[in-house]
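Here is a walk through one structure, from a helix pair to charged side chains and a surface patch. Please look at the sequence and the model first.

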Amino acid sequence: LSEMPVNNQYFLILLSGIIDSLSENGYAIIVGKQHKIQYRCDGVIVMGLHSGQTDFFSQNIKQACVLFGKTDEAVDYVDLDNESGIAMATEHLIALGHGRIGFIAIDLDEPYVKERLNGYTKTMRAHGLKPHRDWIVSSPVNINDARETAVKLLRDNDISALVCSNDLIATGVIEAARELGRHVPGDLSVTGFDGIMLHSVTDPKLTTVVQPVYEIGQKLSEVLIERIKNP
């Protein structure tokens, strides 16, 4: 069950990992676009659950279940180390000699968004660098909004590098730099956090932290199958 758009590249790679792992173990998959179970099934993989849906599992799901993302409920989950991933990106820019590093977050009130912001702020402070409040902004996850957000951020602040919460936002930043006549990476260094092929088609190619998206899909399936077999 997922409310992610089915044409989202991240979702398609994740789904490939889920399907391959389930197929190898003799299971078929039904994809639902809402968080509702409309079919009989042995187990459920849930993704895209929002903050505050604390009673979702107890009220809606009686089958074996695994969630992509953290939860405080008594349910299995698989998640990324979001904080360490963004810390790696920030460390890379600091190693290049940057000190005036901004951060563009995803415009959502979700735990993983806060974890990625923490990765940036903690790494900056660990190197004696101050993450100025004006250097931290948020953007919806699409290239046009990210471009507009980055244009304003770069015009208003003396920033030499930007850490972006994902590759779509980073792609918008590269377009913003071009619009402002700033060369990447000569005038502005940019890092993303996804590795879902966008980094290889941008001009210039994007430096990014690659998430093991396919493997996450496999792990979600493995955890679910184990739970089906051992309730």
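In which hand does H5 pass H6 in their crossing? The crossing is right-handed; a crossing has this hand if the near helix is turned clockwise from the far one by less than a right angle, and is left-handed if the turn is anticlockwise. The model is predicted: local features need pLDDT of at least 70, side-chain atom pairs count only at pLDDT 80 or more, and totals for chains, interfaces and linings use all residues. Residues are numbered from 1 along each chain as its sequence is written, and side-chain values use heavy atoms, with hydrogens and water left out.

Two packed helices are described by the angle between their axes and the distance between the axes. Helix H5 covers residues 143–156 and helix H6 covers residues 167–179. Helices (H or I, at least four residues) and strands (E, at least two) are DSSP runs, numbered from the N terminus. The axes of H5 and H6 come within 7 Å and cross at roughly 50 degrees. Each axis is a line fitted to C-alpha atoms, for helices over the stretch in contact, and angles run from 0 to 180 degrees between N-to-C directions. H5 and H6 are therefore oblique to each other, given that angles under 35 degrees count as roughly parallel, over 145 as roughly antiparallel, 65 to 115 as roughly perpendicular and the rest as oblique.

Turning to charged side chains, the whole structure has 10 salt bridges, each a side-chain nitrogen of Lys or Arg within 4 Å of a carboxyl oxygen of Asp or Glu. One of them joins Asp-79 to Lys-70, with the closest N and O atoms 2.9 Å apart. Asp-79 is partly exposed at 26% relative accessibility, and Lys-70 is partly exposed at 42%; buried means under 20% relative accessible area, exposed over 50%, and partly exposed in between (1.4 Å probe, protein chains only). Lys-70 and Asp-79 also belong to a network of salt bridges with Glu-115. Elsewhere, Lys-114 and Asp-109 form a salt bridge at 3.1 Å, N to O. Lys-114 is partly exposed at 48%, whereas Asp-109 is exposed at 54%.

The surface also has a nonpolar patch formed by Ile-19, Ile-29 and Val-31, with about 200 Å² of accessible area together. Patch residues have over 30% relative accessible area and no salt bridge; like charges are joined within 9 Å, nonpolar side chains (Val, Leu, Ile, Met, Phe, Trp, Tyr) within 5 Å. Accessible areas come from the Shrake-Rupley method with a 1.4 Å probe, and for residues only the protein chains shown count as cover. Ile-29 lies in the loop between helix H1 (9–24) and strand E1 (43–47), and is partly exposed at 34%.
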